[in-house]
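Thanks for coming. Please have a look at the chain on the screen, and I will walk through a few parts of it.

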Amino acid sequence: MGDNLESIKAEPKKDVQSSGWLMDNIAHPFVNAAVIDPINAVASVTEAVSGKHLPRVDLLSVPESTGTGSWLAQTLSGGVGAIAPYVLAGKLTGGALESGGRVLESKNLISTGGFTAKFLASERTGMILGAGLYGGARDPMGHETRFGNAVGSMVGFGAFEYGNSLTKGLSLSRSIPLRALVGAGGGAAQLMTSNLISEGSIGSTDNLMKAASSGAALNLFLPAAQHSFGKAVDAVNVRMGRPIPVDHFAARENWTDNGPLQDLISRSPLSRVQRTAGETSINQDSNVVQLANGAGPEKLGHEISHRISAKQAEPELKAAADLLKTDPEAAKQKFVDIRTAQEKAALEAESRVKAAMDTKSPYADTNPEIIHQLRANSELSYGDLFNKEAAQFESTGGKFRPSKDFSGTEYRGKGENGLHLFVYETPAENPFKGPEKVVGYETNDDKSFQRWTKADAIADQDGRTWGSIEAFSKPTETPYGMADRVESFPDKSIAYHITSSEVVAPNTVLRVYTEGLPTEYGTVTSTVTHPDGRVDYGKLDGSSAVKYATPSEEWYGKVASADTKTDGTTFYHLTDGATVEFYQNPLKVQIAMPDNSVREVEVESAWRSNGKASHSMLDKFLERGEVPPEGTPVADSAPIKSEYILSNDTTLEQIYHPDHIQVIERPLNGPESTFSPTYIMENFANPISTPEGSVNRLVRTADSTIYDLADGKGTKVQVYDKDHTRTTDYGDANRVVYSANDFVQFTKLNGNKVLTNTNRSIGVDGYGEFKAIETAPDGSEFYHRANGSVVEVYPTEVTSTVGGIVAFEKTANGLILYRPAGSADFHSLELNFASKNMTYSNANGDLIQDGFKSMNNFQLLRRFNPAQFPDGLDIPGVGKVRSIETNADGHNTYLLADGNYVTDAPATSN
């Protein structure tokens with residue numbers, strides 16, 4: 001062991017001039033053992049191979065010890081210095097042994113998990129033989145021989161490795177003295193063995209004590225050095241995309257406590273593993289497992305099992321090769337049977353490893369027919385793969401051996417319901433050619449039933465899985481007729497693929513929505529999809545709609561969809577954007593005449609454009625049933641029109657201009673007339689669906705539409721068109737709701753909603769009474785007082801230089817800041833920028849003690865919560881604001897979200 005075991009027999013060099021105690025007794029022995037001895041050993045080996053003499057590096061001089069201190073220092077530092085060359089020699093030797101073992105195993109010269117394979121894969125073997133090689137490579141000193149040094153080193157390291165194995169699992173405090181004792185024994189044994197072979201004696205007591213001390217020092221740090229060096233080598237290999245030994249890989253992944261996996265590893269110790277972005281597989285030629293990113297220990301166990309069974313099957317494969325000469329078909333079947341048995345063993349191994357992780361995991365039900373259905377990889381099932389390999393086996397006269405095995409589908413066996421369970425490693429294509437991916441399926445032994453689970457499946461509170469496809473070998477009775485397939489979806493709807501039914505047409509798909517589905521036609525409870533792509537909608541209110549896959553050509557135009565109400569009224573939506581309406585019960589339309597009279601007419605059908613439609617209802621009537629060629633839509637700015645066809649064939653065309661309504665009356669046999677009403681009112685025999693809800697009546701004005709909701713409360717909603725708004729005290733609004741309790745709600749252009757009533761005030765706890773409450777989409781509230789002040793309340797506290805603020809009020813003279821309820825110091829602070837005074841009040845509004853102060857040098861800084869306002873608080877006229885700084889004059893400086901500052905202080909000139 002470097003300068004301190006074999007070389008201990010040689011006389012120490014006398015130092016002509018001392019370099020100092022530390023250098024002489026610690027540095028020089030350490031450098032000799034760690035650096036100079038390894039350099040000379042390399043030179044010695046190179047010289048032996050090349051036959052050319054190479055110079056040596058002189059050892060640093062070490063004086064003869066003059067006391068216990070120097071004696072211990074020299075032996076201990078030399079022992080520690082010897083760690084690096086011995087560990088390096090052991091790792092290099094172990095790597096060479098493992099590589100040789102992999103070659104021998106690949107040629108079937110040694111068994112996969114036999115004694116020889118374990119011996120060659122063992123790190124202990126590498127360390128012991130590496131120590132012997134290093135000991136033999138060193139130049140002999142004194143009466144030493146290379147053979148004696150080599151055998152002695154192996155004896156010493158054999159003692160180290162065996163003794164250290166006994167300390168595994170012990171605490172540090174208990175293992176340290178045992179390692180020292182093992183090292184002392186190993187060091188002494190090494191020197192005695194070397195002396196016996198070289199000189200025929202065990203050596204002097206002093207030299208043996210030195211060897212024991214040096215060995216104790218070396219062995220204290222040897223296990224940690226071996227472990228650290230091994231981890232570093234593995235880390236480098238992993239980073240460079242190289243495989244590492246299977247036991248090292250399992251340790252890096254913390255899989256060493258999985259008993260079944262460790263058993264498999266012990267039966268194939270020469271395997272190596274690396275992660276891959278592709279599919280999990282094993283290359284049988286190189287004995288390298290490609291483990292997919294995210295794959296667990298069960299997949300590693302699957303592939304190691306493939307390695308074991310591939311070698312065990314060699315006698316049977318040779319028998320199958322002999323059978324090729326007399327019965328090729330039987331030989332190929334035997335080959336397929338062998339491969340199926342190998343996959344069965346791999347699936348069972350995977351189940352054992354998985355069961356060690358989760359006791360509820362079912363064991364594989366390895367029916368050969370089921371195995372053949374599983375996907376081996378993204379291209380082939382196992383059945384297809386085995387048959388393809390059998391053809392290669394035949395064509396090569398039985399010499400072919402599979403070079404690759406896969407883990408493929410994760411098959412989980414039989415569940416509690418007796419069904420076979422299959423789970424895909426990654427979501428696979430839908431076998432029914434649908435867009436959804438599937439993660440696995442269940443099937444009966446007789447294949448009469450299969451259920452595929454979709455990748456987006458969810459479970460409800462009752463434990464039911466929504467997101468599956470159930471297929472039957474022959475139609476099965478369902479609540480809606482006979483079906484050959486049933487699908488459930490994550491939105492809790494079920495689709496029945498009907499073959500025959502008394503409810504719907506055959507060869508259609510009936511989809512039932514258990515919780516309803518919001519659509520452009522209203523809430524839908526069912527849909528029926530026809531083979532031509534047409535979809536019928538059954539709505540919650542009992543009405544229906546239909547959407548055509550290709551437009552239905554009718555005499556009044558090309559119909560994209562039709563919506564039929566409960567009273568029989570049907571709305572046909574044309575491809576050009578127009579809507580044609582046919583009324584089962586006449587629609588009553590009231591028109592305010594210029595002379596203030598009201599004219600009511602009954603409408604049988606109507607046509608409404610959206611400003612882009614290319615044909616009018618009147619044009620289509622005049623064409624007497626001919627479908628006109630598709631025309632060029634008019635400009636986007638064209639006015640919206642509604643045309644009514646009366647029972648006497650008179651046509652009323654109403655045109656909505658930006659500032660007025662125009663009505664053109666065209667009697668069938670009379671002169672055309674034009675007039676401008678102030679509004680047009682439509683009354684419905686039964687409520688109809690609109691974007692604002694179910695309504696009894698519509699009033700169309702020049703700039704808006706008023707909806708009378710059928711809610712039984714008299715609620716009205718007025719919606720202004722895009723070119724008009726309603727000016728209010730709170731900003732421009734484009735929607736107004738008039739409620740039954742006299743309150744009015746405005747929806748402003750910025751999305752804020754304002755609840756107000758001019759006849760009475762609104763009480764709000766903590767802030768007094770207000771005439772209006774404004775709510776923003778982000779939850780912020782603004783309370784408008786009758787005196788013009790506004791209280792701003794935000795969803796979370798605003799931090800400031802005076803503490804947390806839950807609200808602040810803009811008054812005529814300044815600000816009032818409101819603290820959270822229960823604040824110990826004050827409830828509100830009024831800042832008067834005119835008088836430059838501050839007033840502190842309690843929750844009752846009373847002035848607190850010393851609550852009146854001057855605002856000299858006062859500044860208020862408010863910061864808005866980034867979690868509540870990630871883009872900053874949107875202040876009209878300012879922008880997205882992070883914070884506001886207010887000075888004693890009442891001027892604000894805003895920090896914007898983009899980092900810029902904006903102030904409302906007047907500009908100053910120099």
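Strand E2, residues 272-276, pairs with strand E4 in the parallel sense, over 5 bridges. Keep in mind that this is a predicted model. To find a spot in this pairing, look for Gln274, which stands opposite Gln290 in E4.

E4 has another partner. Strand E3, residues 281-283, is joined to E4 by 3 bridges, and these two strands run antiparallel. Here Asn283 has Val288 of E4 as its bridge partner.

Now the turn. E3 and E4 form a hairpin with 4 residues between the strands. Asn287 is found in that loop between E3 and E4. The phi of Asn287 is positive, about 60 degrees, although Asn287 is not a glycine. Is Asn287 buried or exposed? Asn287 has a relative accessible area of 1%, so it counts as buried.

Asn108 also has a positive phi, near 60 degrees, in a residue other than glycine. Asn108 is found in the loop between helix H3, residues 83-106, and helix H4, residues 115-121. Asn287, at 1%, is buried.

Last, a helix. H10 runs over residues 259-266, and in it Leu261, Leu264 and Ile265 are buried. Why do these residues line one face of the helix? Looking down the axis of H10, the buried residues fall within an arc of 100 degrees, so they line one face. The general rule is that an α-helix has 3.6 residues a turn, so residues three or four places apart point the same way.

What do the buried residues of H10 pack against? They pack against three helices: H9, residues 246-252, H11, residues 297-312, and H13, residues 328-357.

One more detail sits at the start of H10. There, Asn258 has a side-chain oxygen that reaches to within 3.2 Å of the backbone nitrogen of Leu261. Leu261 is also one of the buried residues of H10.

That is what I had. Questions are welcome.

Note on methods: Residues are numbered from 1 along each chain as its sequence is written. This is a predicted model: local features need pLDDT of at least 70, side-chain atom pairs count only at pLDDT 80 or more; totals for chains, interfaces and linings use all residues. Side-chain values use heavy atoms; hydrogens and water are left out. Buried means under 20% relative accessible area, exposed over 50%, partly exposed in between (1.4 Å probe, protein chains only). The arc is that of the directions from the helix axis to the C-beta atoms. Contact means heavy atoms within 4.5 Å. A polar contact is a pair of N or O atoms within 3.5 Å; within protein, one must be able to donate a hydrogen and the other to accept it, and residues adjacent in sequence count only if both atoms are side-chain atoms. Two strands pair if DSSP finds at least two bridges between them.
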